[in-house]
Amino acid sequence: MTAAAPAAAPYTTVIGLEVHVQLQTQTKLFCGCPTTFGAPPNTQVCPTCLGLPGSLPVMNRHAFDLAVRSALALNCTIAPFTKWDRKNYFYPDLPKGYQISQYDLPFSSDGWLEVVDPKGAFARKVGIIRVHLEEDAGKSMHDEAAGTADTRIDLNRAGTPLCEIVSQPDLRSPQEARAWLNELKLLLVYLGVSDCNMQEGSLRVDANVNLHIPVAGQGGAADRIAKTPIVEIKNMNSFRSVERALAYEAARQWEEWQATGTEMGKMPKQTRGWDDPAGITRPQRQKEESSDYRYFPEPDLVPVTVSEADIAAARAAMGEPPAVLRTALESKWKISAYDADVLVNQGRDLVAYFEDLATRVGEGKVASNWMQQDVLRTLNERGGTIAEFPVRPEHVADIIARIAAGEFDTSRGREIFAEVLASGKPVADVVAAMGIAAVSDDELVTLCKELLAANPKIVADVQGGKEQAAAGLIGQAKKKNPNVNPGKVRQMCLDLIRGM
Amino acid sequence: MSLSRQDVAKVGLLSRLALSEAELDSLTGELSKIVGFVSQLEEIDTASVAPLAHPLDSQNVFRDDVVKPSLTTAQALQSAPRHDGECFLVPAVLGESGAA
Amino acid sequence: MQPLQLSATDLVAAVHRGDVTAVECVEAFLARTAAANGTLNAFLTIDRDGALARAAEIDARRKAGKPLGPLAGLPIGVKDALCTADLPTTCASKMLAGFRPPYDAEVVARLRRADAVIIGKTNMDEFAMGGSNENSAFGPVRNPWDTTRTPGGSSGGSAACVAADMAPVAIGSDTGGSIRQPAGLCGITGLKPTYGRISRRGLVAFASSLDQIGPMARSAADCALVMETIAGHDPGDSTSIAGDAPAYTRSLEKPLTGLRIGRVAAHFAEGLDPEVAKGVDEAFAAFKAAGATVHEVELPHAKYGIPTYYLVAPCEASSNLARYDGAHYGHRAEPGKGHRAEPGKGHRAEHSGSDGFESPLVEMYCRSRAEGFGPEVKRRIMLGTYALSSGYYDAYYAKALRVRRLIRQDYLDAFQHVDLIGGPVSPTAAFKLGEKTNDPLAMYLVDMYTVGTNLAGIGGISFPCGFTAGGLPIGFQLQGPALAEPLLLNAADRFQRLTDWHLRRPKPIA
């Protein structure tokens, strides 16, 4: 069974993502239990999140506010009237036997988030169908190795507030998908809405993918696009896994298309789990009954209305999102898109540090270089936050200013930076302690004369026309006096030789 | 409006109720009768009537994001049919999560 | 002083004055309870030691000159649908046999703070589903007026408890009439307040948009006293009405002159027993004689109340009862016989009969629930699940919610012309045990006069207005617009000043 001959590219990969984000509140969505990660099992539970008889939910105001903030940053329309619904199904990590979620009137819809590759490989504006607010389920842990017949249930996570973000199927490659997820994560971290930590489960991703395959018409039929059945992929634990899983699945669907030609609609939507060690997706068992969640309005909660004033207040409290910040940095400080991207990726606090530094220096490119080559590098080595970083913008600006004034060269400046970081001493003290002093012209002349006297061969080479031989003197010069400026040494030696 | 025995079996599974053959028989009759009875609502023209899910007209009931004391683990597990002192124990759940 | 003869209001006053001790009061009612409960089965749990200890503590405080709560020393029976941390809370179901919640219902906490003395948990229809208290997993309750008859339901235990003087006051819950109808069949007074007036926190949910807790006592005055303690806003219940409750005992004495009471002709059509109809009309006459006026009003969609209720309530119940699955609390079936699971193979069982569950987990759910729930509960769960399921939602649940709005509008329209609506609370007086148990639909119809109140979210009170020739109580119901509890209690109280039906007592059970 062969497929018709493809036109141009064999297929287009069509990807939509469904992202669940845990909101960074102190307490759960419907009760006052804490949401801190990593607590011992069943120590953060109460009648409400345990689903005990007679328990009732009360909505966490801050969770709703964070949700609205997220949706606004994703350019969504906020519904003036929203309500919650019960999604009914049986599972041991869902103690009430239903999840309080949103069905037909989510609090926001119709947004977008753009991802632009800083190296220009792609730009994609991805539509967002909806963002809604729901509660998380608990954790079920099955120890296959232990061979017991039991699954252990920890309900600490049950009731944690989740934003579900559903994208349009606008992504066109696994790379785009990964980049988009990074952009989404950056945005939500900037907003202070979530820490988006996939390892801790505060961000989870499911992906939907299929192929659009141009099929040349045969026997008078028109050309058309054939679509493979959509596959939902679950169990991806990192953005890299998402990229790998999508790449694998696209290739697998292409193989399957060529073998069977099965198109969308001919079979129900399949769910496959990503097996990261094996690098493949596997089909998941079809449920006994297809999911009939019997959604109906949650009678224990009343609806929520959002006014224009509420939305304006939320916007005012938001701060600049990363995309806006990048453009602002590029134009204000004349740095490259790449540089702006690197800085913005590190978060608002580091951007503030950079802008403080650039303002003091009066220029962006040098400041940006120092940020990337020195500040970021040592920060990553040390760990900790930029707020805790002992070297402050004024220290770096001081070093840069001294280099500009010729006190020492850049490589010396780096040593000073490292020493300031290590010792905590002021720049001036470090400069003095390192014996850095300006080298006077007389000292320079004396030094160079000594070097020339000690290196007759180099003198002869230079006199013979090989000026570059003078470079060999610089290392010796620095050994004699580390404070000399290499460029000045070279020039002085050449001048002296010429004068000989 | 009559339910078939197969309809009732499907609803039984959706409700997670094990039903004996006798129960399937009697429930088929009873549910058909009750559904027939409630179907008289079809007589009423409700085309321009919105559903009333809440008898109250209230909105925007919230609480502050402030931690309240939780139960102890012992309290949480006190009525668990099976537990290991830390977690609830249920028969092995195979592989994937509950919601498709 | 004979505590058994005292109204709740007088008993509490006597305890405050020191004319009687809390222990004496509690002893008296415990003695009556011990004598009668074997026959009536009104209580599922009797907490003799706890009640006496609490009473002793109250007496000690009084002796020390410390202040006492407004219900000091008052013995109370609490329907077993309300969570009590120190006593089992079973909802009369095998599913929750022996279950102890780690917390008190809000109403229970308020009663305790007011120094009421909970003497036990009263019997009920399982998970509040029923109109005769014959659906209890722990045996039916008998009507103290005639022990071959039902007390009504689902708060049958609470009603019998008060009627037989086992306690002066009991707490019930009402989803489609479960306070008012048993009050009517047992000759006592029962109030279902406006939805949201009393916190539902800790009330085991049956139908969340319909359930309300309420007081049951010998008189409207006693109900008013208890309401002052249990009503009012609870931030732990999102459906709780904002603001404090009014002082219900202070508005009881307003005269009836000028009160406009509606009478619905359609109530008196087929289905209403002639003796009950007569008793109800005599009550109307008594109100008129006292200065009220009676006006014909219509509730055009009233006849659709039962079918609407029997969609909305089972749908919500099917979801509320999903948590009873044997996983985290409640009954779990013993693993083993009867299943043939084939894990990982997508085994498709034709039906959930004895051969073939798709996994041990599904088997646990299905068998635990089958063993834990009685037949009426299963029926309603199935009905609700069906009516919410894909393809049926619009025709059934959504349709019922639209009719619900019409029913509410009927009341809003009627209350433009009258202050309250009067009428029967039950189509018959107390019926025989076993009389309606073979026909679920026949049992559903006992709620025909009461479901509208819950669907509309308004308040209703029932109280005795006469007796049949056979000596069975006849109940009268008043319904009022939202938050009209002061007026409902006032009207009932005025009626009880002019008549003495509410003071009659059945022969004590030996």
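Guide: Welcome! A helix here is a DSSP run of H or I with at least four residues, a strand is a run of E with at least two, and the numbering starts from the N terminus. The model is predicted. With those runs in hand, A92(C) falls in the loop between β2 and α4 (106–113) of chain C.

Visitor: What makes A92(C) buried or exposed?

Guide: The cut-off for buried is 20 or more other C-beta atoms within 10 Å. A92(C) has 34 of them within 10 Å, so it is buried. The backbone deserves a look too: phi of A92(C) is positive, about 55°, although the residue is not a glycine.

Visitor: Why is K334(A) called partly exposed?

Guide: Exposed would need 12 or fewer neighbours, and buried 20 or more. K334(A) has 13 C-beta neighbours inside 10 Å and therefore counts as partly exposed. This residue sits in the loop between α6 (322–333) and α7 (337–345) of chain A. K334(A) is not a glycine either, yet its phi is positive at about 55°.

Visitor: Which peptide bond is cis, and how do you know?

Guide: The one joining G153(C) and S154(C), where omega is about 10°. You will find S154(C) in the loop between β3 and α5 of chain C.

Visitor: What does α5 of chain C lie across?

Guide: Helix α5 (residues 156–163) lies across β1, β2 (75–79), β3 (117–122), β4 (169–174) and β6 of chain C, and it runs at about 155° to β4(C).

Visitor: How many strands form the sheet of chain C, and in what order?

Guide: Eleven, in an open sheet with mixed pairing, ordered β1-β3-β2-β4-β6-β5-β10-β11-β9-β7-β8. At the edges stand β1 (43–46) and β8 (293–297) of chain C; each has a single partner strand, so one side of each lacks a neighbour in the sheet. From one strand to the next, the twist averages 30°.

Visitor: Why do β5 and β6 of chain C count as a pair?

Guide: Pairing takes at least two bridges found by DSSP. Strands β5 (residues 189–192) and β6 (residues 212–217) of chain C have two, in the antiparallel sense. For T189(C), the bridge partner in β6(C) is A217(C).

Visitor: How many residues do chains B and C bring to their contact?

Guide: Chain B brings 46 and chain C brings 59. On the chain B side, α1 (5–14), α2 (21–38) and β2 (88–91) each supply at least two residues. The most comes from α2(B), with nine. By class, that side of chain B has 32 nonpolar, nine polar and five charged residues.

Key:
Residues are numbered from 1 along each chain as its sequence is written. Chains are lettered from A and ligands numbered from 1 in the order in which they are written. This is a predicted model: local features need pLDDT of at least 70, side-chain atom pairs count only at pLDDT 80 or more; totals for chains, interfaces and linings use all residues. Axes are lines fitted to C-alpha atoms, for helices over the stretch in contact, and angles run from 0 to 180 degrees between N-to-C directions. Two residues are in contact if their C-beta atoms, placed from the backbone, lie within 7 Å. Ala, Val, Leu, Ile, Met, Phe, Trp, Tyr, Cys and Pro count as nonpolar, Asp, Glu, Lys and Arg as charged, and the others, Gly among them, as polar.
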